Every structure is written in structure tokens, then in C-alpha cells.
Amino acid sequence: MTVARSSSPASAPSLYRRVRLVGLSVIGVAAYFLVLAVMLGSTATAAQQVSNALTLGAIYALVALGYTMVYGIIELINFAHGDVFMVGAFVALWTLTSDPFVGAVGLGQTGSVTNLVLLAGLLLITFTVAMVMMAAINMFIERFAYRPLRHAPKVAPLITALGVSLILQNIVQIIVGTGDRPVPQIFPPDGFQFLGATIRYLNLFIFVAAMILLFGLQQFVGRTRLGRAMRATAQDQQAAQLMGVNLNQTIAMTFLIGGALAGAAGVFQGQLYGFVRFDLGFNAGLKAFTAAVLGGIGNLTGAALGGFLIAFLEVFAAANGQQRWSQAIVFVVLIVVLVFRPAGLLGQQIGERA
């Protein structure tokens, strides 16, 4: 798991690469907008689709980070992570409403909130509950499902991850059933005008909040003591342990952070689409895993980039009336990228295990 290829996160080469990546991303978004504007014959529609892609990509990126962090640390493809995201979406629903499952604990919201102070308070409570609960659940999964199999053949934890995924799905299905559960849209439907399109404040909030979380994670991994321990563990577990790194604590914290990000993405999911369901995690997890592989498994920046690329491809297909082909297009692009760049777009830096 890496944040940069240089030894110092603040080094000039690392800063240059980050600035270059941001610049290329901005140019790519601008080119995407121009292509859509020409194909659709409307700058307003193109701007709306770019907004949709950025919003969706922010959610994919947050979920993909959980995949890439866990793989970077213990080389486990945690297929249960998509369902952790799904449970986070339901926790956000139960926090906002007076659902029978939580009784009087829920906040009893039924619609949009125009009072900004109240809205900020509701969001703060919802994010705190969802992120803390999913962090705890993810740590629980690591402690009792994955840790005992840490030195077992790799197929054992992989099968266990699939089993945990099915367990989470079935628990939620038993509680809520198989239908869609509506989520109260506490964000007002208002927006602002940009290039003729009406961009909802919710879309802007999701994108900005996700960027803050992504930046905070980069700084945490690159500049803190625990972040250095995580990078050392990803490079060589035995050497890190000889240098005093507590492997159990480091791996548990990795699952904690991944679960918290999945919880935040679950809040975004409910507010963006207005509903949640028990099988939500399968598709989201599959796309997030694909994003992590596309960007470079074990690379935080690559996972985020992959999430946005998948969202832009899906929105492009939908905007041109080919929504049913969107997932096929995503995987065709993934195959092409891996044929020419097997390590992903930004590469991976996973040290050899002793």
C-alpha cells in the first residue's frame, strides 16, 4: 500500500507527480465534457453528466480504498467489503429514521431539511454513527474471521471473505426483507447553475466530502507513525515486526479505516439514490474491486483514480443510451489496461513476502 514512490512523502518528485496527476485529471475531465457536449449537442446536459460522474466516482473511490488497503497489508481480496458498505448504508438509514429496528433511537427524519444548522447536525450524527459502527464491524470481522487464517493457504481467507459477505447479506435480508427501503433525502433538492445545468448541492457535497476524506487518508498514511507502520507492514511484515511494529494493531487499524470509509460511502449512497437494499453491496463491491485493480492494487491514489474512471465510463455509456452495456464496457477497458499495464494505471508497490 503506497501513497508515493519516493521515500519521503513531502519530496519534490512526489509533489511533482501529484501535481501532474491532478493536472492530467483536470484535463481529462475537460476533454470528457467536450466529447459529451459534441455527442449530445448540449453543454448543459454534458455538464450535468460530468457532475453525475464525479459524484458516483467519489462513492466508488471510497469503497475501493478499503479493498486496496487490505490487499496492500495482508494481500487479501476482501470480498466482504462491498457488503460492509451495504450495511453502512442501512445503518445510515436506521440512524435517520424511526425504523422499527432501532425504535426511538432514530432521528425520525422524513424529508429535506432547510435549516442549515440542523442539516449539519443530522449529517454529523449520521456520519459518526455509520463510520464508527462500520469501523467496529470491520475490525470484528478481521479479528474473528481473518486473523486466525493469516498464515493459512491464501484460498482459505478468500473463501472466508466470500462466506462473511453472504452472512452479512443474509442478516440484513432477514431484518429488512428483499425490497427497496426508502432513505429520507435530508438534503434540499436545490442546486446552482453551471453551464446551463442545475447541479445539486448534494452532488457538490458528496464530491467535496469524499475529496477531504481521500486527502486526509493520504496524509495519515504518509505522515503519521501508524501510517508508516502500515506502509512498512505492506512492504515486509517480518522486517516491520523486527523494527517494533505491532502487526495485529496495524492490520486492525487498516480494517478500521477501511470500514469507516465504507460507512461514509454508505451515507452518500442513500442520499444520492434515495433507497437501499440488501444486495446493494455485490455490484458496488465488484466495481470497487475493479477500480482498485484498474488503478493498481495496493496503491491508494490508483484506487481513487480507478473509481472515478469506472464512474465516467458508466455515465458516458448511459448518456449515449447504452446503459445496459456500461458494465461490459468497464470490464473491456479493464482487460485492455491489464494487458498493456498488468500492474494497473499507477502500478503497485507490494513487497515480496518472506
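The legends below describe several views of one predicted model.

**View 1. The protein chain as a whole.** The protein chain of this predicted model is built with 12 helices and 4 strands, and its C-alpha atoms fill a box of roughly 60 × 50 × 40 Å along the principal axes. A compact globule of 354 residues would have a radius of gyration near 20 Å, and because the protein chain has 20 Å, the two agree. Among contacts with a separation of 6 or more, 76% join residues 24 or more positions apart.

**View 2. The largest nonpolar core.** Buried residues make up 49% of the 354 residues in the protein chain, and the largest nonpolar core has 102 residues, with Phe85, Phe90, Tyr146, Leu217 and Phe268 having the most contacts inside it. Helix 2 gives the most to this core, contributing 18 residues.

**View 3. The surroundings of Tyr146.** Tyr146, one of the residues with the most contacts inside the largest nonpolar core, touches Leu76, Asn78, Ala80, Ile141, Pro157, Thr160, Ala161, Val164 and Phe255, when residues up to four places away in sequence are not counted.

**View 4. The second largest pocket.** This pocket has a volume of about 700 Å³ and is lined by 26 residues, of which Leu56, Tyr60, Tyr273, Lys287 and Glu314 lie nearest its centre. Two or more lining residues come from each of helix 2 (43–74), helix 9 (247–273), helix 10 (280–295), helix 11 (300–319) and helix 12 (326–340), and the largest share, 7 residues, belongs to helix 2. By residue type, the lining of the second largest pocket divides into 13 nonpolar, 9 polar and 4 charged residues.

Terms used
Residues numbered from 1 in each chain as written. Predicted model: local features only at pLDDT ≥ 70, side-chain atom pairs only at ≥ 80, totals over all residues. Heavy atoms only, no water. 1 Å grid on protein atoms, 1.4 Å probe; cavity = no way out; pocket = protein on both sides within 12 Å on 5 of 7 lines; lining within 4 Å. Points joined across faces, edges and corners; volume = space filled by probe spheres on them. Nonpolar A, V, L, I, M, F, W, Y, C, P; charged D, E, K, R; others polar. Core = buried A, V, L, I, M, F, W, Y, C linked by side-chain atoms within 4.5 Å. Buried < 20%, exposed > 50% of the residue type's maximum accessible area, 1.4 Å probe, protein only. Contact = heavy atoms within 4.5 Å. Rg over C-alpha atoms; globule rule 2.2 N^0.38 Å.
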